[in-house]
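Hi everyone, thanks for coming. I'd like to walk you through one structure today, so let me put it on the screen.

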Amino acid sequence: MVETLRVGIAGVGTVGASVMRLLARQDAALTARTGRTIRVTGFSAREREKERDADLSGVAFFDNAAALAASPEIDLFVELIGGAEGAARDSVETALNNGKGVVTANKALLARHGLALAALAEEKRVPLAYEASVAGGIPIVKTLREGLAGNSIDRVYGILNGTCNYILSRMETEGLSFEACLKEAQRLGYAEADPTFDIGGFDTAHKLAILATLAFGAEIDADAISVEGIERVTTADLKAADELGYRIKLLGVAQRTPHGVEQRVHPTMVKKSSAIAQVMGVTNAVTIDADAVHELTLVGPGAGGEATASAVVADIADIARGVRSRPLGLPRAALTKVQRVEMQRHEGGYYIRLAVYDKPGAFAGIAGRMAERNISLESIMQRGRPIATGDKPGGPVPVVLITYATTEKLVREALDAIVADGYVAERPQSIRIERE
Ligand code: HSE
């Protein structure tokens with residue numbers, strides 16, 4: 001007789017309903033693949049009666065996620081509520097404490113409490129799976145943890161937020177404003193409830209914290225990540241990047257350095273010829289540099305009901321067939337402390353855009369401030385027409401500089417000096433160039 005795996009789903013929104021539909025659609029295949037029948041026997045949601053694109057007939061309703069998590073009617077708890085605290089955290093802890101495995105799509109919960117939850121799962125000897133929490137439908141957790149177990153990873157980086165990539169893509173290809181593109185992303189349902197989470201880089205940081213742990217065997221530490229969002233990227237930057245052979249992407253990067261693992265989220269210039277630069281719209285991508293495979297890039301849907309449900313169902317299937325992976329790759333006690341690397345130590349090239357007053361000696365003065373700090377310039381060029389200020393047409397001129405590899409500290413110092421010298425009319429823009 002085929003043994004049934006009884007699943008409880010907390011949160012039946014877009015992803016939850018997609019999980020229900022996918023389980024029904026793939027029922028026979030999942031039974032064949034896992035050797036068990038998978039049945040949703042309980043669900044919890046804020047509202048019991050709501051128009052949902054899923055068949056919940058015969059599924060027991062719980063008005064409280066933790067009660068569902070503790071129910072003897074389920075073997076496996078699927079958390080799709082979201083948020084680092086409250087009902088999501090309570091119910092996941094309850095499930096683990098009751099000896100039930102957990103599948104979650106909750107990046108914020110993992111980024112904040114992943115260590116404690118992994119330790120609890122280990123203690124209770126139950127699975128904790130979270131493939132859907134990073135890059136939606138891309139199986140990146142499994143790739144890093146199992147697929148690349150024979151590699152030493154040097155860098156993992158990616159486009160982990162569809163909303164930001166959608167905004168930057170549309171600003172670049174259609175010259176639309178940041179605000180118009182954000183509105184459209186919200187209308188299409190890509191953005192988080194509070195879009196500052198997306199555009200401020202925090203959603204990317206949560207996902208990066210998880211990837212960094214899997215790649216480098218260090219404790220999850222979202223606070224060790226330096227985070228900048230895309231709010232200050234302008235269409236002028238995207239146009240200049242295009243002319244120089246680059247695209248601008250919001251990347252999450254975790255990289256081994258002599259000082260420790262550098263973890264950062266910021267707008268980044270990437271060579272147009274790179275795999276990651278080809279990724280446009282809401283699509284996500286993750287590239288891994290590792291000693292044996294060299295470079296591996298996974299590209300796919302990072303959000304959306306079906307794509308996220310694909311990852312949730314894969315985790316459910318793993319648990320049904322009895323696969324037991326350590327949630328964070330290593331035993332909790334073997335994870336090392338994160339050595340925080342200050343951004344000031346970051347090394348790389350920089351794109352700098354300045355609004356320079358059109359007066360003799362300005363270029364020489366700016367180049368001099370760079371030279372004093374041994375910052376070597378790959379190019380310096382005037383881009384576009386003088387910037388109109390108020391009703392005066394002939395204001396400062398936009399100037400773009402590209403530096404060779406230097407350090408963040410020296411670039412900051414040089415820009416401060418340039419501002420203090422009075423050469424520029426506004427705060428300089430600088431965007432880090434990611435090495436290939
Ligand atoms: N708001 C997220 C994004 C959804 O735009 O990618 C998936 O985490």
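Let's begin with a question: which are the buried residues of helix 13, residues 362-372? Please keep in mind that this is a predicted model. The buried ones are Ala362, Gly365, Ile366 and Met370. Why do they sit on the same side of helix 13? Because they cover an arc of only 140° around the axis. As a reminder, an α-helix has 3.6 residues a turn, so residues three or four places apart point the same way.

Now, what do those buried residues pack against? Their partners are strand 13 (347-356), strand 14 (377-382), strand 15 (397-403) and helix 14 (408-421). If you look at the face of helix 13 turned away from the buried side, you'll find the exposed residues Ala364 and Glu372 there. And following helix 13 comes Asn374, with a positive phi near 60°.

Let's move to another part of the model. Here we have an open sheet of 6 strands with parallel pairing, and the order is 3-2-1-4-5-6. At the edges are strand 3 (60-62) and strand 6 (128-129), each of which pairs on one side only.

Methods: Residues are numbered from 1 along each chain as its sequence is written. This is a predicted model: local features need pLDDT of at least 70, side-chain atom pairs count only at pLDDT 80 or more; totals for chains, interfaces and linings use all residues. Side-chain values use heavy atoms; hydrogens and water are left out. Two strands pair if DSSP finds at least two bridges between them. Helices (H or I, at least four residues) and strands (E, at least two) are DSSP runs, numbered from the N terminus. Buried means under 20% relative accessible area, exposed over 50%, partly exposed in between (1.4 Å probe, protein chains only). The arc is that of the directions from the helix axis to the C-beta atoms. Contact means heavy atoms within 4.5 Å.
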